[in-house]
Amino acid sequence: MASLSFEVIHVLVFCAFILISASSQSHPHQPEKHAALFVFGDSLYDAGNNNYINTTINYRSNFLPYGETFFGYPTGRVSDGRLIPDFIAEFAKLPFLPPYLQPGNNQFTYGANFASAGAGALDETHQGLVISLNTQLTYFKNVEKLLRQKLGDEAVKKTLSEAVYMISIGTNDYLSPFFRNSTVLQSSQKQNIHIVIGNLTVVIKEIYKKGGRKFGLVNLGPIGCLPTMKAIKSQQGGAGECMEEATEVAKLHNKALSKILQDLESKLKGFKYSFSNFYALLEERMNNPSKYGFKEGKIACCGSGPYRGRPSCGGKSGIKEYELCRNVSEYVFFDSAHPTDRAYQQMAELIWSGTCNTTGHCNLKELFG
């Protein structure tokens with residue numbers, strides 16, 4: 001009888017082992033150890049937060065043809081598919097981060113995406129229509145409190161110190177005045193730079209105070225050469241020309257931001273960063289599209305007017321008629337100011353694991369390592 005009991009117990013233990021093994025293999029994509037990703041910024045990074053705020057169609061992209069290439073439906077991302085943070089999440093073996101404001105989104109152990117299309121470092125940039133960088137910081141602090149309640153102080157300290165904080169901000173602060181007044185004085189724009197950089201620095205320091213140590217930033221692209229800016233220049237009689245005064249401000253911003261990051265690294269214990277040269281990555285593809293497998297680097301796939309630079313894609317700006325290219329993979333730009341899924345993928349790969357020629361402080365892969 002005792003022998004029979006032993007055999008029964010042996011069989012039960014063996015069955016339990018099989019079940020546990022099967023269970024552990026049924027979730028092969030759930031990493032045991034991972035660094036969280038927190039995303040702040042503007043339309044380059046917004047996964048759809050603007051879907052859930054009271055704003056206008058001009059600051060939303062939750063309608064076709066946005067999202068058509070990769071997702072097959074509009075998500076709110078300002079592209080035909082994925083954005084840079086989506087690719088970075090994939091490379092880091094993380095799931096796509098849903099918009100922070102998406103209803104039911106309360107699992108933040110993998111991170112959160114707070115970015116908002118149209119946002120700036122200045123509170124007054126598109127005020128009342130977007131989620132400013134300061135408000136995004138407030139959202140992050142809310143998440144930090146929730147994680148602290150859920151995981152406890154020690155676990156949250158570890159999570160936040162190992163996490164990577166991606167930030168893309170500034171373009172709207174410098175471009176919004178041009179849309180209001182096409183004769184913006186460059187001198188007043190230059191004065192804005194120290195305020196924009198100052199506000200961004202405050203946010204970085206606030207994240208650092210909460211335990212953040214690893215920051216991934218990109219500089220501003222050649223904003224005066226975006227299809228939308230070339231369209232404005234064309235209306236002023238400068239056919240084929242970039243809005244050089246806007247690009248000059250971007251260059252000055254990039255130089256100032258590079259210096260600030262170096263200062264923060266020298267003054268804040270444990271502060272690490274990557275500073276990716278988004279300017280060079282985008283400019284290269286605009287000027288030499290065939291080198292990177294594109295056919296068109298300066299005209300958008302979706303829009304209207306010169307360079308399809310009028311922001312009318314999908315019916316934006318109240319313009320119901322717009323042009324849409326046949327093969328989006330041939331284009332660097334999807335709409336009047338935002339790259340395609342394919343262009344983003346190429347740039348994200350270099351931001352993730354590029355050499356120091358493309359990323360100022362090497363790459364994001366090192367921060368996740």
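1. A residue is called buried here when its relative accessible area is under 20%, and this cut-off is used throughout the points below on what is a predicted model.

2. By that criterion, helix H7, which spans residues 227-235, is mostly covered, with seven of its nine residues buried. The buried residues are Pro227, Thr228, Met229, Lys230, Ala231, Ile232 and Lys233, a list that includes the lysines Lys230 and Lys233. The cover over these buried residues of H7 includes helix H5 (171-180) and helix H8 (244-267). Just after H7, Gly237 adopts a positive phi of about 100 degrees.

3. Turning to the aromatic residues, a search of the whole structure finds 21 aromatic pairs. One of them joins Phe40 and Phe140 in an edge-to-face arrangement, with 5.9 Å from centre to centre and 65 degrees between the planes. Because Phe40 belongs to strand E1 (residues 37-41) and Phe140 to helix H3 (residues 133-151), this pair ties together parts that lie 100 residues apart in sequence.

4. Are the two partners of this pair buried or exposed? Phe40 has 0% relative accessibility and therefore counts as buried, and Phe140, with a relative accessible area of 1%, is buried as well.

5. Phe40 and Phe140 also belong to one aromatic cluster, whose members include Phe38, Tyr100, Phe108, Phe114, Tyr139, Tyr165, Phe215, Phe271 and Tyr273.

6. Arginines are also placed over aromatic rings: Arg82 lies over the face of Phe70, at 3.9 Å from the ring centre, while Arg342 lies over the face of Phe294, at 4.8 Å from the ring centre.

Technical notes: Residues are numbered from 1 along each chain as its sequence is written. This is a predicted model: local features need pLDDT of at least 70, side-chain atom pairs count only at pLDDT 80 or more; totals for chains, interfaces and linings use all residues. Side-chain values use heavy atoms; hydrogens and water are left out. Buried means under 20% relative accessible area, exposed over 50%, partly exposed in between (1.4 Å probe, protein chains only). Helices (H or I, at least four residues) and strands (E, at least two) are DSSP runs, numbered from the N terminus. Contact means heavy atoms within 4.5 Å. Rings of Phe, Tyr and Trp (its six-membered ring) pair if their centres lie within 6.5 Å; planes under 30 degrees apart count as stacked, over 60 as edge-to-face and the rest as tilted. A charge sits over a ring if NZ of Lys or CZ of Arg is within 6 Å of the ring centre and within 35 degrees of the ring normal.
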